[in-house]
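Please read the following report alongside the sequence and the coordinates.

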Amino acid sequence: MNPRGRVRCGIDTGGTFTDFVGLHDDSGELVASKWPSSPGRPLEGIVGAVNQSGLPPESIGFLILGTTVATNALIQREGAHVVYVTTEGFEDVLYIQRMNRKYHYSYEWTKPLPFVERRDCLGVRERVDAKGKIAVPLTAAAMDELGRAIAGRLRGHRPEDSALAVSLLFSYLNPGHEARLREFLESRFPGVAVSVSHEIAPIWREYERGSTVVADAFVKPLLRRYVGSVRESLASLGLRCPWAIMKSNGGHATARSAEGQPVNLILSGQSGGIIGGKFFGELANEENLITLDMGGTSCDVGVVQAGKLSYVTNYEIEWGLPISAPFVDLTAIGAGGGSIAWIDKGGFLRVGPQSAGAVPGPVCYARGGTNVTVTDANLTLGRLNPDYFLGGRMTLDPEGARAALEELGGSLGLSAAGAARAVIDMANENMANAIRLVSIERGLDPRDFALVAFGGAGPLHAGGILGKMGMRRAVIPPHPGLCSAFGAALADFRVDKVWSTNYRSDRVEPAEVIEQFGELEVAAREQLRREGFAATPDVHRSISMRYAGQNYEHDVRLPATDLDGASIGTAFAEFHRLHRQLYGYSISGEVIELIRLNVTLIGRIAKPRLADPGTGGPLEPCQTRPVDFAGGGPVACPVYRRDQLPAEVPLVGPAVVEEVDSTILLHPGHTLRVGRSGVITVRGT
Amino acid sequence: MGRWKKNPAQWHEQTMVYCELCGKIIPKNLWIAGESGQTLVFCGPDCEELHKTYWLPSRAERA
Amino acid sequence: MGSIDSVTLSVINNALVNICREMGTAMMRTSYSPIFNEGLDFSCVIFNRRGEMIGQAEFCPTMLGSAQYAVNWTIEELGLAAFEPGDVVIHNDPYRGQCHMPEHMVLKPVFFGGELWGFVANIAHIGEIGGMAPGSFAADATEVYQEGLRLPPVKVMRRGEYVRDVWKIILSNHRTPKTSWGDLHAMIGSLSIAETRMRELLERYGARYLTDAGDRLLDYSERWMRAEIHEIPNGVYRASDCMEDDGVTDRPVWLRLKLVVKDEEVIADWTESDLQAKGPVNATFVVTAAASYSGLLHLTSNEIPRNSGCYRPIRIVTKPGTVVNVRHPGPSVGGNTETHPHLQNVVVAALSQAIPERAAAAEGASGCNFLFAGVHPDTGEYYTNYHIDGSGWGATATHDGDSAMCPENGNCRNTPVEVLESKFPWRTLEYRLRPDSGGPGRFRGGLGSSRVLRVLAPEITVSALMDRTKTQAWGLFGGGKGASGGIFVKRKGDARFRTFSEAFGTVSDSKFTRVVLREGDEVMIWSPGGGGYGAPSERGQGDVGRDVRQGWVSRDAARDSYGNDR
């Protein structure tokens, strides 16, 4: 790290704003700024936000970016011209997919299109068998023939806009052929990006692995370009510090590593939120958290259990297009301030997933929007202040919102206020469902968790969701709208390594397992050093196990201490227990298969100390206005400014607490308290 | 109008009684209806009704 | 309906769907056989205590349509008083409301406050249940008794304890009892999860409220379905199709439908169909009912909450002893996989006369069921497996048919090549789409697939049950037929593939059992393609050119079918 720079910075490029957060390593002092995002030109927002922060370039020591470049390229299908190479005879696998469909009674749905044209799927003569043995060798002649075919498919495309994706059958057992092909392709087609499946996703199931490696190749040239332009922009700002990009696993990677495996960046723009949420939740002394990041168009929900994030290994760009990589377990739904309320054919009220976006935006933005949104409903109920939206930078139109809600209510037999309450209730229910997905469906009781609510709209809805879920506490971070950028600034280094095995519990040599773990750790440490972390990392080991005969695995953690024969035996007992806990039964005496050994290294970075707010002082509202809570009509409600609230003085709802980038709605009977580092805790009834 | 009657078969008897209209095998509760001196078995009044309003007229038509 | 009520109702509907999905995930993650964990050949459902289905998720239409009959039978035969907390009933009897023998239902009562509130259940394909053929798909069976172990509704768990007598009977009649043990536990385990979730829902809303909400959801779906049917012009619509042969005799068996649409109701009258077949292509009544429902559900809004209410306006008329309502002791294993999609295609063809803009041309309509068994040379263990392939779907008024899709009666996945070869001694030489197998048309039918497998063990015993290998999926409104499918064999040293009739003298090319293959022999499975929609001459030349470039249509076919000679 640059010895002169003492500020660690996080940048989050959102749909409407680019957020910047800088943290002084020594003082814990926080610098924040916001700059409008330009659609399609992420760098303008970054440059704008850094400039706006007023930090001198030499003071910045490390910079971490969250980016949606990879996600957007996949969603909008604007990426590289990909040529896909696979074992001869299996060229159609990406088009055959898995044979099932999203809806069970529909002629309307059709299969998703892969990110590669069928004519660009080429076969090469070679074959590895199910034991990893070579059944048909890969010859020089076969490679030459392939090279000619690829050259034909690349004709007319610039090399820097093209990419090659390679996925051969059983390469996760024996990567030899893929490795040789990579070497051949890189020398034969210089300048063309190459992705090979055993590096990107060494997992079984040819469709899922192929789909992942194609997604990687599809975004690789874009990511290279993005990294190149960030480098230039930072240089133009006079920034010479090291910088990194957030990964989907909640860690971050240096630019070089990120552009080499962009498939790891799909949730780059979203994983900062949960890191930030976890940090503030812990400041409020909570270690079981459900994070709720509600912005303008969508809402991301995540879980922190006993101080730990949970992870998944699969993500779908659209139904049927899987990407296998480590992801922070986030559930995203189309619920935000801009989510549109509508009536379905059967007469049910729905909210989202369509969003009015920033333009035309909600009706109350008075920019031509005609669809009722969640923001309109909040405004109509007095929960939002028309004159203090974004700290007063924007004035809202309450009459317009009310008229639109009256119209919506007409078709439901409801008043404008009734319709507004229904819209908010439905939006809250959608978020509650997302919370159930990440908690109840995994056997976790949400009532044991605190809700960390952030994003511009999160604090406004937290109280309603507490009630719905029977949760007792909500945590509201300072600057809720900047929490994702904050999370990026706080993100640890993280490297995940996986090794596929075919050990069985009835004939495994513990020494061999321990040795394999050792090798994995050496490789992981080396990568961590390359990514810029030199200190001692935390080590996490687990084994993915299943009963012999089953097809899906569960991860069983191993102790962080030195492994010995006994720790492997303990892991088997733990698997039986875990299976019983998850599925209500275990099969005693059944052989257990060890499918993967997993090692994760985490390079912790020091967490900042944020300034505490002043204590004592009076609680003084800056105004009183009628606010409509669920049922019972409007009540006179005191309104406070967050920066004027004294620490540790309980405030009992009903109340509204406003700040520049967010509004907290304190329901009647709920109690709010400002704690350490300015973190607010709300207690439900 | 018909009436409900339990299939008198013992638990160990493997009998199969079919609904006169839909053709479904009836588990236990038989709907017994008389039609022009004949006793017909249905799975319920709905099937008896459709027998009258749809099946008999369409058979007459074909004949 | 008040709006806040409707909000709560849709919340409850979502909760029920989610519970079913969660049951499905648990089964996928814990089951043993590939047809379960890769194929997802199962369905999960929630019933009220009257035996009406109030919740389901995106599983196999055939099981979803038949589930209410199996549950109703169970309740009526056993009586509500027979259920105690912790009980689990198993049931696969096609002569007691099930669809065919491999489909096993397990059902668990949900108690709340000491009262029976309703049931959670799932139906799944158990890969091997005994009978005359390994894999229990006996294509030349002539009686249900050859198709495996038949279980009327009996308890396998009583108050949470194993009913060992019943388990012993089951496990001693299945060829791969260890797999059955694992799969049945996956099914029963997922019921416990659903039961817990239902209790949580009951705690939140109360028993009466939730019952009431379930009733309102049923009424709501019924109203919506009636409104959808009301939009279909009144009339009598006829259509028919045949099973190409029945595996035992080499003659077609006809399915004939007279579909009456009158205002808000539909009558599916199948009574003009052929007498029941000797071989196992017979449908049970519930298969015919499920196919009729599924046809209607495919042609109506995708947004209707899926529950028994949808079925109320649809009436089924059949005659016992016909191919659409097999009489005891006729065989029926192929009725559920082959005849079911044919029946549904016939429903859609009939309605295409009334609502052409919503209809689809016929699909491949064959599960391409391929069964194999043997001793694995690496482990010395006996195995069996049930393998399926997807076929081409029919084109519609707005798009080409999808290629290599599970037939409409199921929603199963394929088994990845890497999973298949890791478990069984085959080498896959190719798995690809068949060019020109989609029926030409303004919109083209989907393509069938081709899979070639080579035997890596001293021997493997194979069986098959397919259809549309001599017949074809029809097109609509001038669209052409899809290509036939087929299953072929090349003995080691042979130069070419032949039919199994040619090589082994089986009665049918597509339906046979217990053929022993040796190391180096190869099997080639071709799934049929789907039919086209609209005249090929109306297809844009750009789309034809694209099909040629991608390899879906050959240059010759482009010239012959579409008049495109570029």
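## Basis of the description

Helices (H or I, at least four residues) and strands (E, at least two) are DSSP runs, numbered from the N terminus. This is a predicted model, in which local features need pLDDT of at least 70 and side-chain atom pairs count only at pLDDT 80 or more, while totals for chains, interfaces and linings use all residues. Residues are numbered from 1 along each chain as its sequence is written, and chains are lettered from A and ligands numbered from 1 in the order in which they are written.

## A loop residue of chain A

A:Ala366 belongs to the loop that lies between β20 (349-355) and α10 (374-380) of chain A. Leaving aside residues up to four places away in sequence, A:Ala366 touches A:Asp397 and A:Gly400, contact being defined as C-beta atoms, placed from the backbone, within 7 Å.

Is A:Ala366 buried or exposed, or something in between? A:Ala366 counts as partly exposed because it has 16 C-beta neighbours inside 10 Å; a residue is buried if 20 or more other C-beta atoms lie within 10 Å of its own, exposed if 12 or fewer, and partly exposed in between. The C-alpha atoms of A:Ala366 and A:Tyr552, which are 186 residues apart along the chain, are separated by 52 Å.

## The parallel sheet of chain A

In chain A, four strands form an open sheet in the order β6-β5-β9-β10, with parallel pairing, where two strands pair if DSSP finds at least two bridges between them. Its edge strands, each pairing on one side only, are β6 (121-124) and β10 (193-196) of chain A, and the twist averages 20° from one strand to the next. Strand β9 (residues 162-167) of chain A runs parallel to β10(A) and is joined to it by four bridges, with A:Leu164 standing opposite A:Val194 in β10(A).

Helix α5 (residues 176-188) of chain A packs on this sheet, touching β5 (81-87), β9 and β10 of chain A, and its direction makes about 175° with that of β10(A); axes are lines fitted to C-alpha atoms, for helices over the stretch in contact, and angles run from 0 to 180 degrees between N-to-C directions. Helix α7 (residues 206-236) of chain A lies across β5, β9 and β10 of chain A, at about 160° to β9(A).

## The mixed sheet of chain C

Chain C has an open sheet of four strands, ordered β8-β9-β10-β11, with mixed pairing. The edge strands are β8 (235-243) and β11 (314-317) of chain C. Strands β9 (residues 253-262) and β10 (residues 265-269) of chain C pair in the antiparallel sense over five bridges.

Key. Two residues are in contact if their C-beta atoms, placed from the backbone, lie within 7 Å.
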